[in-house]
Amino acid sequence: MKDQIKTYVITGFIESGKTTNIINCIFHDFFYKYGSTLIISFEQGEIEYPIDKLKQYNTSIIYYKGGDINTFFSHSIDLFQPDRIYIEDNLMLSDITESIDKRMKIVFTHGLISKSNFHIYFANMKQLFYSMVKRCNMVTFNRFEDKNQLFDYRDSFRLMNDKCSFLFKNNMGYSEKAFGNFLPYDINQNVISIRQEDYAIFFLDCNENYQNYLNKVVELTVQVRKEDDHFIAGRLVMTCCMADIQFLGFKIQSYDVSENTCYHMQARISTTKNQYGLTRACYIPINLSVISQPNNLIINVNK
């Protein structure tokens, strides 16, 4: 069987820069010397594709006009016989990637977010935002004057997809990390006190940079849950809506605890291996005291 066609998905709301991104990708690589490219567009925005110039780069384009999406993909491949495909996504349709032809293989999904409509969509279509970010390998914020404008949203996006790379594209066209490593607590304290409103930041940073926390003592409120043959101490965190609540926490090593019980805990950070053999942070409790359930059992990172 012939190798599947490498397919790149460019997704985002209307006028987020998808067309420009695809044009730049095609004009700045040398793939046209070795094979043909097909752009399959599910949206016609304010920027038009330069058809004549695309032909010089061995690139064709076809627009979706309605009907069964899988049939449209199949027809497009039969018609153009491409060596690679770019999909210009339309978030207002259902997830079109679920209907791709079996000859296609999605290798990368890039989400684009523009300041021009970010606040409106984030406030009113949060579930759609969540679904988009969750399937992206990379998300780029463009047309923002300053990446500090993203500061209040850093936890929401990092919790939506902790494996995604988030980039900020500045006015000069250069990309840099969108979210810095600001911590609202002093990691060099003898005992690091984690407030409820800072829990999501602590979890993300400790999960990604556990080396910085090794042998340090943390103090915080946790709920304990049982997972397989061990206990996890963590908190319920809501990133989008009630349907997207996650229990985020770390394994407790060597301590007698009760499931579904809340504790005020002092613990030393150590490491353990998960089921995939990857190193992860864990707690070695120093002191645990049972407390009543917090008034805000669920931490809402959007507040």
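User: How many disulfides does the count come to in this model?

Analyst: The model is predicted. A disulfide is a covalent bond between the sulfur atoms of two cysteines. Here a pair counts when the sulfur atoms lie within 2.5 Å. By this rule, the number of disulfides is 0.

User: What about Cys 282: which cysteine holds the closest sulfur, and at what distance?

Analyst: Cys 282 is buried too, with a relative accessible area of 1%. A bond is ruled out because the gap is too far. The closest sulfur is in Cys 206, at 9.4 Å.

User: Which element gives the largest share of the largest nonpolar core?

Analyst: This core has 32 residues. Tyr 199, Phe 202, Tyr 213, Leu 220, Met 265, Ile 269 and Tyr 283 have the most contacts inside it. Elements giving two or more residues include α7 (199-208), β10 (217-227) and β13 (261-273). The largest share is 6 residues, and it comes from α7.

User: Which residues does Leu 220 touch, leaving out those up to four places away in sequence?

Analyst: Leu 220 is among the residues with the most contacts inside the largest core. Residues up to four places away in sequence are not counted here. The partners are Ile 194, Tyr 199, Phe 202, Tyr 263, His 264, Met 265 and Tyr 283.

User: How many residues are in the other core, apart from the largest one?

Analyst: Another core lies apart from the largest one. Its members include Phe 141, Tyr 153, Phe 166 and Ala 178. Its residue count is 23.

User: Is Phe 250 buried or exposed?

Analyst: Phe 250 sits in strand β12. Phe 250 touches, among others, Phe 202, Cys 206, Phe 231 and Cys 282. Its relative accessible area is 3%, and the cut-off for buried is under 20%. Therefore Phe 250 is buried.

User: How far apart in space are Phe 250 and Ala 281, C-alpha to C-alpha?

Analyst: In sequence, Phe 250 and Ala 281 are 31 residues apart. Ala 281 is one of the residues that Phe 250 touches. From C-alpha to C-alpha, the distance in space is 6.5 Å.

User: Which residues does Asp 155 touch, not counting residues up to four places away in sequence?

Analyst: Asp 155 is in helix α6 (residues 154-160). Asp 155 is buried, with a relative accessible area of 11%. The residues touched are Ile 201, Leu 204 and Val 301.

Terms used. Residues numbered from 1 in each chain as written. Predicted model: local features only at pLDDT ≥ 70, side-chain atom pairs only at ≥ 80, totals over all residues. Heavy atoms only, no water. Core = buried A, V, L, I, M, F, W, Y, C linked by side-chain atoms within 4.5 Å. Buried < 20%, exposed > 50% of the residue type's maximum accessible area, 1.4 Å probe, protein only. Helix = DSSP H or I, 4+ residues; strand = E, 2+ residues; numbered from the N terminus. Contact = heavy atoms within 4.5 Å.
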